[in-house]
Amino acid sequence: QLRIVESGGGLVQPGGSLRLSCTASDFTLDDYAIVWFRQAPGKEREALSCISSSTYDSTVYVDSVKGRFTTSRDNAKNTVYLQINSLKPEDTAVYYCAVDGRLPGVCGGFDYSYDWWGRGTQVTVSP
């Protein structure tokens, strides 16, 4: 049984938008910093964003996605989102969320061996 599940991917045309979701079945994401990664076939895993625990209410983005990607929370739904706008073909990848289990949940430098991962959701951007 998966503890972390990503959803919301799909096939979209360039310029389109998607909202990816990350949810946990048996613990509260609100307590933790949550990061989004992606990995395209034949390429290394790429960090995208981090949202801190709700205590700190901050986000971090890598330069390549600033202005197009937004991560947010809905604590009532125990869900973290990644809104992706202006999708490009090079955004095609499997998108993962991961939980930084270190409390109090401050975003770091994307170099942590994250404690919990989902199996990813496929985003395909194609004309």
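**Disulfides and core**

In this predicted model, cysteine 50 and cysteine 107 are joined by a disulfide, with an S to S distance of 2.0 Å. Cysteine 50 sits in strand 5, while cysteine 107 belongs to the loop between strand 9 and strand 10 (116-117), so the bond ties together parts that are 57 residues apart in sequence. The torsion about the S-S bond is -90 degrees, and the link of cysteine 50 and cysteine 107 is left-handed. Both cysteine 50 and cysteine 107 are buried.

The count comes to two disulfides, and the other partners to look at are cysteine 22 and cysteine 97, whose sulfur atoms lie 1.9 Å apart. Here distant parts of the chain are linked: cysteine 22 is in strand 3 and cysteine 97 in strand 9, 75 residues apart. This disulfide is right-handed because the torsion about the S-S bond of cysteine 22 and cysteine 97 is about 70 degrees. Cysteine 22 is buried, at 0% relative accessible area, and cysteine 97 is buried with a value of 0% as well. If you number the bonded cysteines in sequence order, the pairing reads 1-3, 2-4.

Now for the core. Which residues have the most contacts inside the largest nonpolar core? They are Leu29, Ile34 and Tyr95, in a core of 37 residues. Strands that each supply at least two residues of this core include strand 3 (18-24), strand 5 (46-51) and strand 9 (93-100). Leaving aside neighbours within four places in sequence, leucine 29 is in contact with several residues, among them Cys22, Ile34, Val80 and Val99.

Conventions: Residues are numbered from 1 along each chain as its sequence is written. This is a predicted model: local features need pLDDT of at least 70, side-chain atom pairs count only at pLDDT 80 or more; totals for chains, interfaces and linings use all residues. Side-chain values use heavy atoms; hydrogens and water are left out. A nonpolar core is a set of buried Ala, Val, Leu, Ile, Met, Phe, Trp, Tyr and Cys residues joined through side-chain atoms within 4.5 Å. Buried means under 20% relative accessible area, exposed over 50%, partly exposed in between (1.4 Å probe, protein chains only). Helices (H or I, at least four residues) and strands (E, at least two) are DSSP runs, numbered from the N terminus. Contact means heavy atoms within 4.5 Å. A disulfide is a pair of cysteine sulfur atoms within 2.5 Å.
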